[in-house]
Amino acid sequence: MINKELVRMFIRRHLILSLVVSIGSGILALGLTLLFPDTHLEDAAKISMGWPQIMKDLFGDPIHAFTDIYGWLNLQVFHITFWAIFGVFASLLASYIVATEVEGKTIDTLLSCSITRSEVIVSRLIGLAMILTLSIIPFFLGCLLGILILGQPLQIDAIGAACLAGLFLFLVVAATTLLISVYIPYQTPCLIITWGFFGFLFLFKEAITKLVPVLNNLAFLSPYHYYRTADILLRQTYLLSDWVVLLCIFISFSFLAALYFARRDIPL
């Protein structure tokens, strides 16, 4: 099921893009961390009073974010920036597994080799997971370096757990993109659908359920429900079950994509 050469080829093909994203995200993480205002609690409370509740729901309360470095990281780095960068990156990589091959009329050449369609999916997904994991490391180091420069208390486990939660979320984004791409094997519409879908899920979890409380019972349907960086960074607590759920979604969607791809006719 795993073709090592396919894994290596996928990584080599996207090496430059991966380096750009990883180094750029590391620099961005460092810069955002260094912007920590370290505000007095009373001043932060005044700022908080001026923020509408919907802003606090979407981005976090300034009382925590402006007075605690880890609240700041949750607000500025992990709440949106982290998953937006790597979510887009993950979906781009996933779109290269099938969609661009079909769109570029190269899928027949690939499948003419002595490999199965399932091998293509599984091997490239492994390459994708490896790229994402390695690309997150500079981001992780950027956060740590910023905290050290500021002289703030360093909690490596909290930053590491937040990055790991993000990795599982990105794998879900990738598997969703892949699943869409085997039905709609064209990169641009596939990416637009994925980004729109996850944008809606984020707004649903962070805003819509607050505006319509009865919908909060459905919050578990959003993968962002299991991406609890506020708990990890502010309270140093996390649930392994959250990561298990995200991993199960990734495996399920990947399996469905591989199953359908193995059975469908390829438009050439």
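A salt bridge here is a side-chain nitrogen of Lys or Arg within 4 Å of a carboxyl oxygen of Asp or Glu. The structure holds 5 salt bridges.

This is a predicted model, in which local features need pLDDT of at least 70 and side-chain atom pairs count only at pLDDT 80 or more, while totals for chains, interfaces and linings use all residues. Residues are numbered from 1 along each chain as its sequence is written, and side-chain values use heavy atoms, with hydrogens and water left out.

| R8 | E5 | 3.0 Å |

Take helix α1 (residues 4–13) to begin with. R8 and E5 sit 3 residues apart in it, about one helical turn. Helices are DSSP runs (H or I, at least four residues), numbered from the N terminus. R8 is partly exposed at 42% relative accessibility. E5 is partly exposed too, at 34%. Partly exposed lies between buried (under 20% relative accessible area) and exposed (over 50%), using a 1.4 Å probe and protein chains only.

Next comes helix α13 (residues 229–235). R235 and D231 both lie in this helix, 4 residues apart, about one turn. R235 is partly exposed, with a relative accessible area of 46%. D231 counts as partly exposed at 25%. Shared partners, in turn, join E5, R8 and R12 into one salt-bridge network.

Side chains of opposite charge can pair when their charged atoms come close.

Methods
Helices (H or I, at least four residues) and strands (E, at least two) are DSSP runs, numbered from the N terminus.
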